[in-house]
Amino acid sequence: MSVIGKKSNVIGIRQFFVIAAVLPLILGFAGKDKNPPPSASNGQLIWPLPPDKPRVKFLQQLSDNFDIETKKKKSWVDKVVGNADPNHTEYFEKPAGIATDSRNRVIFTSTQRSTVFIVDQDHKTLTRLQGDRGIVLQTPLGVAVDAHDNIFISDPFQHMVLKFDTNGHLMATIGASDGIKNPTFMAIDEGRRRLYIVDSHLHQVLVFDLDSLKLKQSVGKRGEKNGEFNFPVGIGIGPDGSFAVTDTGSCSVQVFTPDFKFVRRFGRQGDRPGEFIRPKGVAIDKEGNFWVVDAAFNNFQIFSPKGVLLMWIGQFGNVPGAFNLPMGIYIDKTQKVYVSDQLNHRIQIFQFLGGE
């Protein structure tokens, strides 16, 4: 750890989920009969359809800088002399990890642009973080934010996690000498002062002290048994401090206690509801439900705290609620759900309305 001064089978899968509207719902949020597509009544997209109680609502999407920033107007001088349009559209290409901070800013990585975008919708500003103190981001992937709004970014190409303050100044790095090989997604447990880093090449979850940034624990090893991993990617922290990890090699999600004890595994490889092909990000809502992104299904599936499928949202496409290679997912304190939609170059934002 280096501390720095403060100054410085695809057709079948797609068809399955497209026709999910007419399939019986296995269990859960949508009620007794069906898991239908969203309703657009009253100009809102909600899941499931009435008469069932809505559980998820689409809010908005962020796809380029003008979804946040106000366009500049051409002055009369510009028009007279023929100056070019001062507005330049900047697309959020291949977004990945997502988080929010105490100021309601949305922070997400763009692997294509080697940039971390910091969106402040309240003030209509967009900040671009590309590195500091001579270190330039190469493949920013995961992002996590602590209670002080410090921003942690994983960069697997550089075998490094970087810590920035809220203004984007580099404060510290965690690298190969600290045990990191290929960091992917991360999560923070404030109460236990832990920074969880998933390392897909070590096939482990590395647990660092949030203050000292010293390695305190490693969870798992390569293997097929419970508590072992085969190219893990995503991680989410629950309200009770338990954590869930997506394991791409076994197409499953594993759940652990705050004391790192294995609890359960759910999911397996397959093209039916409750199964996975390419599980990526995972998040846990206030009720303890697991939200799991699958890049092959172009959806996210919601599971109960016991790992029972409740419902799913999404199919291939570019309309709201559809996806093209989704990657990351994050749920904030207000239960807004953020999903990175990589090849549609956007962040989709939903509202979890509660499942009880």
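Mentor: Start with Trp291, which is buried at a relative accessible area of 0% (buried means under 20%, exposed over 50%, partly exposed in between, with a 1.4 Å probe and protein chains only). Phe352 is buried too, at 4%. Phe323 and Phe350 form a tilted aromatic pair, 6.4 Å centre to centre with 45 degrees between the planes. Phe323 sits in the loop between β25 (309-313) and β26 (326-331), while Phe350 belongs to strand β28, so this pair ties together parts 27 residues apart in sequence. Both Phe323 and Phe350 are buried.

This is a predicted model, in which local features need pLDDT of at least 70 and side-chain atom pairs count only at pLDDT 80 or more, whereas totals for chains, interfaces and linings use all residues. Residues are numbered from 1 along each chain as its sequence is written, and side-chain values use heavy atoms, leaving out hydrogens and water.

Rings of Phe, Tyr and Trp (its six-membered ring) pair if their centres lie within 6.5 Å; planes under 30 degrees apart are stacked, over 60 edge-to-face, the rest tilted. The model has 19 aromatic pairs by this rule. Helices (H or I, at least four residues) and strands (E, at least two) are DSSP runs numbered from the N terminus. Ring pairs join Trp291, Phe352, Phe323 and Phe350 with Trp47, Phe58 and Phe300 in a cluster.
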